Amino acid sequence: MAQPVSFTKVKISSSFWDPHIQASRKESLPLIFSRLKSYGTWDAMRLKWKKGDPGVTPDILWDSDIGKYVEAASYALYHEKDPEMEAAVNDGIDMIVGAQQNDGYIGIYHTLVEPGKRWSSLAHNLELYGGGHILEAAVTRHITLGCPENDEFLEAMKKYVDLIFKEFGPGEGQRHDYPGHQEIELALMRLYDVTGDHRCVSLAQYFIEERGRTDPPREGHAWDIAARARGDDPDTFFPYYWPRPRCYWHMQAHAPIREQKEIVGHSVQAMYWLSSVVDVALATGEESYLDTVETLWKDMVDAKMYVTGGIGSVHIYEGFGPRYDLPNETSYAETCAAIGIMFLTQRLLKVRVDAKVTDVMELALYNALLAGISLDGKSFNYDNPLATVACSHRRSEWFKVFCCPSNICRFLNSLGGYLYGTDSADSTLRFTVHNYVGGEVTVGKSTWVVDTQWPWHGRTSLSVKEESEPIILRLRIPGWAKSYKILLNDQVTDHEVAYGYASLPARTYTPSDIITLTADMTAEYLIPHPLVHQNRGCLAIRRGPIIYALESVDQDPNIPDLRLVRVDGNAALVPVETAILDKPVICIRARGSVIEPLPEEKASFGQKDRVAKPVPERSVDLTFVPYFAWGNRGPSDMRVWMQESSIRG
Ligand SMILES: [Zn+2]
């Protein structure tokens with residue numbers, strides 16, 4: 001099993017990634033902290049709030065907001081000192097530890113606002129989700145501090161976990177329930193990784209097994225039982241963010257895990273859940289879990305994923321819709337869901353090193369995920385549409401549900417953990433490169449230097465700083481590369497390809513050895529799946545891992561609406577090195593056309609439908625920007641899929 005190389009072994013030094021990571025540290029995290037302070041979220045953990053106090057009543061989400069900030073900042077501090085951030089993290093930890101109740105419970109809402117109702121509404125509130133994020137923060141802080149013997153934060157969270165071990169399970173007197181929004185399962189498995197406490201696996205597995213089951217001795221669905229116990233009628237009760245009562249599919253709880261054949265419901269929840277399912281499958285050997293994961297993964301990737309790697313096509317419930325139904329303007333494609341794809345793919349690569357999985361990881365990383373944060377780190381996307389009209393979508397520096405900003409910061413500051421894997425083959429160390437990001441990585445006895453201009457240029461070179469032990473080097477060949485070349489010291493070298501990865505024969509590398517991979521990054525048009533009716537007759541543009549979009553700020557000012565623009569699938573796609581807000585990028589220039597009003601319509605386009613006749617078009621020059629970089633230059637419109645022109649530019 002190829003284990004991911006820990007972020008603690010990776011030092012990123014990348015002209016592409018460093019500015020994003022720095023923006024998250026210097027701008028996003030201080031901004032998030034100040035927002036949590038000013039909104040009252042942060043200090044609520046001091047448990048001073050009383051009923052009748054002015055201001056906002058503490059929300060069930062706030063535990064997760066604090067936990068995610070502490071976790072994201074802990075990752076950042078591991079890489080770079082920052083006294084103010086360190087003080088904030090320590091304050092957060094002191095507050096959390098101080099907020100722990102005698103029995104181990106931690107949770108602002110049920111300590112202050114509804115103290116008698118703990119664990120009573122797990123289906124729709126985020127009690128265990130919040131606990132999970134604080135637990136993940138404790139595990140991350142523990143790792144970033146070098147796993148100290150005495151770790152007050154981790155000890156507090158172990159006490160919290162002891163409480164939920166006691167509270168939940170199949171035994172008499174225990175609660176036979178599980179959380180709506182999955183997260184605690186992931187956190188338990190991370191605690192297991194650092195403590196080896198197998199009770200974590202057992203409880204995570206209990207939550208996975210119970211989900212959606214109604215068979216005896218259960219007396220129905222756990223959430224129907226819980227609703228009745230608190231005085232709600234399950235046939236009529238539903239919080240505003242559920243589509244309807246008893247929509248347990250929204251939380252992937254409509255059927256037991258082994259009976260689920262389609263990916264449904266809230267897309268972030270689905271990704272967190274499936275990630276934890278892989279974790280538990282690998283810890284227990286429960287292979288039937290992996291069958292379900294593979295079935296749902298295939299459904300998602302084949303029929304429910306946007307060309308950007310975004311998932312979640314139904315805005316109203318933030319989740320998956322029918323197969324091949326992928327609206328552009330109303331897509332949800334939550335930033336957290338793209339981060340969830342990172343979690344899931346990282347785990348799937350433990351099961352099998354397969355470039356089809358890594359290609360999806362890379363696609364979501366450079367597109368759906370990275371679009372979630374502005375280039376300056378000062379604003380965020382919660383949802384990531386693939387087209388906008390009338391400048392309807394703007395980044396924001398604050399959301400009432402504040403999940404995405406801190407989530408993307410914790411991801412960016414742990415990116416090193418998503419790049420490499422190691423295992424052994426016939427007792428020889430094998431080093432796998434999943435993603436090409438400049439920097440250094442320590443594997444076995446040696447430190448590897450990765451030099452690359454990815455994603456703008458397809459050449460990557462690898463070398464060792466000191467002589468390595470015998471090692472099998474395994475490199476991902478991206479699925480989008482029409483051709484590639486692997487050289488060892490400028491000579492074509494033998495390699496075997498399996499599942500899209502090229503394995504070089506075992507070798508002891510010395511510092512004079514240079515291995516290079518060159519992947520063809522020629523820009524190309526993509527056509528949509530024929531069943532995706534929203535994109536019929538449209539084209540999108542991809543160059544290497546980057547998906548491109550047309551943004552109105554770059555176009556001829558005489559184009560009144562991007563919906564009028566058409567592209568020519570035969571026109572040359574010309575890469576142009578430029579910059580957006582000082583960020584070096586490669587844009588694509590191409591000839592296209594724009595629909596003109598018929599003479600009798602003048603400039604009005606006022607006549608909605610008309611008898612079919614040729615539509616006048618005029619040729620225009622078009623500039624396409626990387627999708628992740630759109631929305632950074634004031635109000636603008638954007639489109640990824642463009643109608644194909646009937647004329648040739
Ligand atoms: Zn989110």
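This is a predicted model: local features need pLDDT of at least 70, side-chain atom pairs count only at pLDDT 80 or more; totals for chains, interfaces and linings use all residues.
The donors to the zinc ion are Glu 334 through OE, and Cys 336, Cys 403 and Cys 404 through SG, at 2.1 to 2.3 Å. What is the arrangement of the 4 donor atoms around the zinc ion? Their angles run from 98 to 116°, which makes the arrangement tetrahedral, because four donors count as tetrahedral if all angles lie between 85 and 135 degrees.

Helix H15 covers residues 403-412, and Cys 403 is among the H15 residues in contact with H3. Here is how that pair sits beside two others.

| Helix pair | Angle | Axis separation |
|---|---|---|
| H1 (residues 17-39) and H3 (residues 62-79) | about 150° | 11 Å |
| H3 and H15 (residues 403-412) | about 25° | 8 Å |
| H9 and H11 (residues 267-284) | roughly 130° | within 10 Å |

Start with H3 and H15. Their angle of about 25° falls under 35 degrees, and H3 and H15 are therefore roughly parallel to each other. H3 passes H15 in a left-handed crossing. On the H3 side, the contact uses Lys 68, Tyr 69, Glu 71, Ala 72 and Tyr 75, and H15 brings Cys 403, Ser 406, Asn 407, Cys 409 and Arg 410. By class, the residues of this H3 and H15 contact are 5 nonpolar, 2 polar and 3 charged.

H3 also packs against H1. With an angle of about 150°, which is over 145, H1 and H3 are therefore roughly antiparallel to each other. The crossing of H1 and H3 is left-handed. From H1, the residues Arg 25, Leu 29, Ile 32, Phe 33, Leu 36 and Tyr 39 meet Trp 62, Asp 65, Tyr 69, Ala 72, Ala 73, Ala 76 and His 79 of H3. The contact of H1 with H3 divides into 10 nonpolar, 1 polar and 2 charged residues. Tyr 69 and Ala 72 of H3 are listed in the contact with H1, and Tyr 69 and Ala 72 are also listed in the contact with H15.

The remaining pair in the table is H9 and H11. Given their crossing angle of roughly 130°, H9 and H11 are therefore oblique to each other. H9 passes H11 in a left-handed crossing. His 198, Val 201, Ala 204, Gln 205 and Ile 208 of H9 touch Trp 273, Ser 276, Val 277, Val 280, Ala 283 and Thr 284 of H11. That H9 and H11 contact comprises 7 nonpolar and 4 polar residues, with no charged ones.

Finally, a look at the backbone. Most residues other than glycine have a negative phi, and most peptide bonds are trans. Where does Pro 217 lie? Pro 217 is in the loop between helix H9 (198-210) and helix H10 (222-229), and the peptide bond from Pro 216 to Pro 217 is cis, with omega near 10°. The bond from Trp 454 to Pro 455 is cis too, with omega near 5°. Pro 455 belongs to the loop between strand E8 (446-452) and strand E9 (459-464). Asn 489, although not a glycine, has a positive phi of about 50°. Its loop joins strand E11 (484-488) and strand E12 (491-492).

Note on methods:
Residues are numbered from 1 along each chain as its sequence is written. Side-chain values use heavy atoms; hydrogens and water are left out. Axes are lines fitted to C-alpha atoms, for helices over the stretch in contact, and angles run from 0 to 180 degrees between N-to-C directions. Helices (H or I, at least four residues) and strands (E, at least two) are DSSP runs, numbered from the N terminus. Angles under 35 degrees count as roughly parallel, over 145 as roughly antiparallel, 65 to 115 as roughly perpendicular and the rest as oblique. A crossing is left-handed if the near helix is turned anticlockwise from the far one by less than a right angle, and right-handed if clockwise. Contact means heavy atoms within 4.5 Å. Ala, Val, Leu, Ile, Met, Phe, Trp, Tyr, Cys and Pro count as nonpolar, Asp, Glu, Lys and Arg as charged, and the others, Gly among them, as polar. Donors are N, O and S atoms within 2.8 Å of the metal (3.2 Å for Na, K and Ca); water is not among the atoms, so sites may look incomplete. Four donors count as tetrahedral if all angles lie between 85 and 135 degrees; four count as square planar and six as octahedral if opposite donors are over 155 degrees apart and all others between 65 and 115; anything else is irregular.
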